[in-house]
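Trainee: Please take a close look at one part of this model, the surface near the RNA strand. I would like the contacts, the elements that supply them, and the salt bridges that go with them.

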Amino acid sequence: MAEQISVSHISNYAGREATIKGWVYNRTDKGKLVFLLVRDGSGFLQCVAFKGDLPPDVFEKVMRLPQESSVIITGPVREDKRAPGIPGGYELGVREIEILQEAGLDYPMSLKDHGPDFALDHRHLWIRKKSQWAILKVRVKVMSAVREYLDGQGFFNLDTPILTPAAAEGTTTLFETPYFDEGFAYLAQTGQLYNEANIFSFGKVYCFGPTFRAEKSKTRRHLTEFWMLEPDPAFCDLEGLMEVEEGLITHIVQSVLRDCEAELKHLGREVSKLKAVTAPFPRMTYDEAAKYLIELGKGETDPERKELLKFEWGMDFGAPHEVELTKLNDKPLFIYGYPSAVKAFYMEPWPGRPEVCKSVDLLAPEGYGEICGGSERVSDHEALLNRIRKEGLPEESFKWYLDLRKYGSVPHSGFGMGVERVVTWLCGIEHIREAIPFPRTIKRVYP
RNA sequence: UCCUGGCUAGCUCAAUCGGCAGAGCGCGCGGCUGUUAACCGCUAGGUUCGAGGUUCAAGUCCUCGGCCAGGAGCCA
């Protein structure tokens with residue numbers, strides 16, 4: 001009996017019999033010869049049926065097998081440069097085929113491109129498509145690389161609650177849900193405050209889960225539900241934080257390059273640009289970036305562009321500003337020392353410059369922009385209390401958070417990384433909605 | 001919330017100045033022993049987003065409405 005194998009391991013079986021279980025992705029019939037491109041989740045494999053090798057009724061069925069039919073195929077594995085697929089270069093002769101189900105002929109997803117509305121309405125089927133499968137494979141690798149790296153660096157993965165009592169940062173819109181006799185609970189937009197509590201029990205911690213933002217953002221960089229990684233190490237200043245970030249990002253990129261070569265190739269990703277992503281990453285202060293942008297704006301002649309690039313010290317970067325800054329380097333770029341006024345209340349002020357805080361954003365190159373945002377946290381109890389009062393935040397809600405500064409406070413830092421933004425960048429794709437299996441956007445909760 | 005663009009066959013799109021509603025893909029039928037989103041031939045497939053208006057004539061122009069997109073703001 002032939003061994004059942006994964007398509008991804010096909011190269012180990014050349015010259016032997018093997019069985020694969022999967023779905024017909026495409027069929028090309030040539031009269032007395034039929035090619036079935038079969039996917040099994042691990043890859044795509046060409047299976048070849050010759051008329052002379054099969055009983056007439058079986059061959060007739062294979063020749064008419066609809067796209068997406070589920071099959072179990074057994075036959076000889078052959079090395080053949082002509083064979084397409086992922087990894088490709090190998091094919092399976094059809095000696096025996098069991099058809100579990102002939103798919104309906106009205107399968108709506110074409111192998112050609114669809115418009116976004118149609119594709120998203122059929123996301124449950126769209127994910128079967130090779131391009132989407134490749135992107136989501138990269139996502140899987142990013143997720144596992146994250147855990148692999150942080151676990152290896154002595155971080156502990158402590159989960160933080162998704163149902164939370166109130167706004168962590170006050171400003172951003174939250175999803176609200178009724179909560180028994182307590183009134184309302186809110187879907188977490190960050191696990192950071194809880195991470196900070198976990199720090200004092202575990203030292204270096206991270207949370208990794210879905211995050212919710214009810215902002216009415218309608219761009220190719222936004223989802224209302226996205227996955228965020230938030231590492232928070234104790235005894236770590238801003239410089240130490242940047243080192244954690246560049247170590248993590250480098251490990252993610254190298255892991256994807258190593259294990260997702262075929263997927264990136266299929267997506268047409270220029271791999272050489274990712275190979276350049278190694279620590280250390282360039283660093284730039286907000287002051288330097290502001291100066292650069294102001295100069296750039298002065299030199300701009302197109303009035304529309306000039307308006308978009310308009311900038312003065314104290315502003316937060318808009319998308320067009322970010323894009324310009326990402327063009328400066330081939331590697332991700334750290335920008336640190338933002339004005340306190342545009343950042344959150346818990347960020348440590350810069351020594352001797354209270355108008356600036358110890359915050360850092362990491363911008364992915366090639367125009368992709370912000371993938372991480374973080375800071376050193378205020379560790380002094382009085383200073384934090386003052387910040388909370390100044391922001392007009394409800395002191396009572398932050399009692400437990402303030403406690404953390406009373407019992408063994410230490411310098412600590414943390415950042416958040418948007419998983420889908422990283423995947424979008426690594427895959428070189430246009431839109432973040434393809435970087436998550438079932439995207440949630442302002443206009444879409446189906447399917 | 002604002003700005004811009006779009007809506008025509010199952011899908012992706014064309015239709016000149018307002019003048020007969022088209023193609024490719026997919027489905028169906030036929031052909032082909034090396035296809036790579038195969039190719040070749042044939043068939044079927046239309047409430048042009050909705051309502052109203054202008055006109056001899058509207059997919060095309062005007063008004064209102066709906067839906068989608070991506071950009072601004074905000075952010076990861």
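Mentor: Confidence comes before the contacts. This is a predicted model, and in chain A its confidence is lowest in helix α10 (residues 303-309), at a mean of 80, and highest in strand β9 (residues 156-157), at 98. The mean pLDDT of chain A is 93, with 98% of its residues at 70 or more. The scores for the model are ipTM 0.90 and pTM 0.94.

Now the surface itself. There are 50 residues around RNA strand B, and those that come nearest are Asn26, Glu91, Lys112, Arg220 and Arg421. Of the RNA atoms that come within 4 Å of the protein, sugar and phosphate make up 49%. Sorted by class, the surface near RNA strand B holds 22 charged, 15 nonpolar and 13 polar residues.

The side chain of Arg220 places an N or O atom 2.4 Å from a phosphate oxygen of RNA strand B. Ser217 has a polar side-chain atom 2.7 Å from a base oxygen of the RNA. Leu223 uses a polar backbone atom, which lies 2.7 Å from a base nitrogen of RNA strand B. Two or more residues of this surface come from each of β2 (17-29), β3 (33-39), β4 (44-50), α2 (116-121), β14 (225-233), α11 (319-326) and β20 (369-376). The largest share, four residues, belongs to β20.

Next, the salt bridges, of which the count is 31. Glu91, one of the residues that come nearest to RNA strand B, pairs with Arg78, the closest N and O atoms being 3.4 Å apart. Glu91 sits in strand β7 (residues 90-93) and Arg78 in strand β5 (residues 70-79), so this pair ties together parts that are 13 residues apart in sequence. With a relative accessible area of 8%, Glu91 is buried, whereas Arg78 is partly exposed at 30%.

Another pair is Glu420 and Arg139, with closest N and O atoms 2.8 Å apart. Here helix α14 (residues 419-427) carries Glu420 and helix α4 (residues 130-152) carries Arg139, so the bridge ties together parts that are 281 residues apart in sequence. Glu420 is buried at 1% relative accessible area, and Arg139 is buried at 7%.

Arg95 is partly exposed at 42%, and Glu96 is partly exposed at 47%.

Terms used: Residues numbered from 1 in each chain as written. Chains lettered and ligands numbered in written order. Heavy atoms only, no water. pLDDT = per-residue confidence, 0-100. Near = heavy atom within 4 Å. Polar contact = N/O pair within 3.5 Å; in protein donor to acceptor, adjacent residues only side chain to side chain. Nonpolar A, V, L, I, M, F, W, Y, C, P; charged D, E, K, R; others polar. Salt bridge = Lys/Arg side-chain N within 4 Å of Asp/Glu carboxyl O. Buried < 20%, exposed > 50% of the residue type's maximum accessible area, 1.4 Å probe, protein only.
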